[in-house]
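Please keep the structure in view while reading.

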Amino acid sequence: MDKETLMDMIKDYRVALYLVLLIASIIVIFPHPGPSGLDTNLQFGLDLDGGSWIQLEFQSAIVTFKSDKTLDQLVPELKTKLDAEVNLIDQNTLEIRSGISEEELRAVFADLDTELVSFNPGVTKETADDVKRILENKINSLGTRDAKVYVITALNGISRYIRIEMAGVSMGEAQEIVGKQGKFEIRIHTTGNETEHILFGDAIQSVANPSQTPPNSNNWGVSFVITESAAEDLRQAAIRVGATKKPEGHNLDMILDGKVVYSAPLSPDLAAELQSRSTSNLLASTGVGEEGREQAKLLEIHLRNGALPVGVSIAGSGSVSPELGDQFKFWSVLAGLFALLAVAVSVYIRYREPGIVFPMVLINGSEIIILLAFTTFFMQLDLATIAGLIAVLGTGIDQLVIITDEILHEGKVPSPNLYLKRLKRALGIIVASAGTVLIAMLPLAVMDLSTLRGFAIITILGVLVGVLVTRPAYGRIIMSILSK
């Protein structure tokens with residue numbers, strides 16, 4: 001291929017786009033010498049970096065029932081009988097936050113003249129999302145790197161398990177992180193920036209879900225109950241510093257692990273009430289609209305000081321040592337190189353022409369580099385994603401063979417017009433095949449199956465990069481090579 005033909009090929013928008021994306025991917029990955037060898041921006045999961053995983057089971061159940069009692073009668077009686085939190089989901093469905101068995105619960109319902117219709121261990125999606133948010137907030141606040149939290153939800157919408165993966169963390173550290181509660185404190189401003197202690201987190205008896213107060217007002221807040229002794233301490237401190245007479249000058253600060261997470265003065269109604277008596281029922285307002293709602297969700301987490309709204313038990317756990325992770329890295333690289341070599345040999349046996357084999361293998365290998373660059377932004381590399389990368393090698397070479405065979409349909413290089421028709425036909429076949437793969441992989445990518453999501457996402461990305469970038473570029477490159 002002469003210089004002029006090469007420049008014309010590079011100037012083609014399809015080839016130029018491919019080269020720009022490849023160069024950008026290498027820059028994003030940024031391979032460079034490091035203390036332990038070659039370092040990159042790639043993020044490794046616990047399979048390749050060592051670490052631990054814990055799968056927790058919610059100690060809760062979603063039940064449906066039939067009863068002649070009103071909900072205002074039944075729910076409080078259940079709370080008393082079970083000594084547990086009971087949330088109403090709809091007119092005949094409850095979320096019972098207790099590890100009680102179906103047989104025990106059926107007996108309790110019978111005592112209340114109520115029929116238990118169905119019993120499903122787990123929690124609602126909203127509760128599972130709250131637990132996930134609390135765990136993520138806790139893990140992030142402790143500076144744990146490369147941690148992932150997955151909620152495992154069944155087809156009926158009930159979540160029974162939640163899985164935490166932490167790369168570079170031992171099993172003992174993982175269990176401590178998951179079980180650790182933060183240090184929560186409420187202080188009141190006295191003069192200037194000086195504050196006085198009111199209560200610690202253990203004085204908070206219960207925390208309600210974020211709600212609109214008053215109802216349908218779009219004004220969000222979180223209600224919580226403190227002990228009677230803490231309520232009296234709050235009253236005495238508020239009177240002593242003058243907060244009952246001048247609330248705006250004496251904010252209440254809520255502090256979690258040394259950081260102020262909420263600060264607001266006493267409401268006029270609360271300030272007036274505290275002058276005559278103490279109160280255990282408090283409400284922290286967070287604002288209006290969607291922003292107020294999100295702030296209320298975050299404040300609920302802080303008020304629980306890291307405690308989960310529902311009990312959990314360890315259903316399973318495991319760990320990968322750093323040494324084993326390094327071995328997995330080595331064997332993953334070796335498997336990738338072997339797959340690329342096997343592809344090259346297969347293509348050479350088919351065409352017996354280095355001028356065809358080299359660009360096919362180059363395009364195929366460069367797809368892996370592009371996909372690795374994408375992973376640096378939103379996912380970690382684990383054994384499932386490595387399997388996806390190797391699968392992309394196989395499906396990618398199939399599509400390149402389709403293009404090459406269509407162009408060389410009669411064993412010779414076609415005219416430019418005929419070439420375009422054949423390339424269009426080959427790309428049509430590839431797009432149809434890619435659509436099938438996307439449909440097959442999409443459910444795995446969106447479902448809460450942590451082990452398989454990486455494989456599905458990489459496969460989908462590989463298909464999209466191939467159809468949109470590398471296949472058109474290869475069609476232009478192979479034409480220039482065969483026309484020489």
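The model shown is a predicted one.

Seven names make up the list of its buried residues, namely Gly325, Ser332, Ala339, Val343, Ala344, Val347 and Tyr351. After the helix comes Arg352, which has a positive phi near 55 degrees.

How do the axes of α11 and α12 cross? They come within 9 Å of each other and cross at roughly 150 degrees. Angles over 145 degrees count as roughly antiparallel, and α11 and α12 are therefore roughly antiparallel to each other. The crossing in which α11 passes α12 is right-handed. On the α11 side, the residues that meet α12 are Leu340, Val343, Ala344, Val347, Tyr348 and Tyr351, while α12 brings Pro354, Ile356, Val357, Met360, Val361, Asn364 and Gly365.

With α13 the packing angle is about 10 degrees, and the axes of α11 and α13 are 10 Å apart. This makes α11 roughly parallel to α13. Phe328, Ser332, Ala335, Gly336, Ala339, Leu340, Val343, Val347, Arg350 and Tyr351 of α11 make this contact, together with Leu383, Ile386, Ile390, Leu393, Ile397, Val401, Thr404 and Asp405 of α13.

**What the record says**

An unreviewed UniProt entry lists residues 12-30, 330-349, 356-378, 384-405, 426-446 and 452-474 under "transmembrane region". In the model, residues 330-349 are 100% helix and 0% strand, with end C-alpha atoms 29 Å apart. Residues 426-446 are likewise 100% helix and 0% strand, and here the end C-alpha atoms lie 30 Å apart.

**Backbone details in the loops**

As background, most residues other than glycine have a negative phi, and most peptide bonds are trans.

| Residue | Phi |
|---|---|
| Asp113 | near 55 degrees |
| Asn218 | near 65 degrees |
| Arg352 | near 55 degrees |

Asp113 sits in the loop between α5 (102-111) and β7 (114-121), and because its relative accessibility is 62%, Asp113 counts as exposed. Asn218 lies in the loop between β13 and β14, and with a relative accessible area of 39% Asn218 is partly exposed. Pro214 is also placed in the loop between β13 (211-212) and β14 (219-226). The peptide bond joining Thr213 and Pro214 is cis, with omega about -5 degrees.

Is Asp202 buried or exposed? With a relative accessibility of 69%, Asp202 counts as exposed, and its place is the loop between β11 (195-200) and β12 (204-207). Although Asp202 and Lys183 are 19 residues apart along the chain, their C-alpha atoms are separated by 9.3 Å.

Definitions and conventions
Residues are numbered from 1 along each chain as its sequence is written. This is a predicted model: local features need pLDDT of at least 70, side-chain atom pairs count only at pLDDT 80 or more; totals for chains, interfaces and linings use all residues. Side-chain values use heavy atoms; hydrogens and water are left out. Buried means under 20% relative accessible area, exposed over 50%, partly exposed in between (1.4 Å probe, protein chains only). Helices (H or I, at least four residues) and strands (E, at least two) are DSSP runs, numbered from the N terminus. UniProt positions are given in the numbering used here, feature names are shortened, and annotations may be inferred rather than shown by experiment. Axes are lines fitted to C-alpha atoms, for helices over the stretch in contact, and angles run from 0 to 180 degrees between N-to-C directions. Angles under 35 degrees count as roughly parallel, over 145 as roughly antiparallel, 65 to 115 as roughly perpendicular and the rest as oblique. A crossing is left-handed if the near helix is turned anticlockwise from the far one by less than a right angle, and right-handed if clockwise. Contact means heavy atoms within 4.5 Å.
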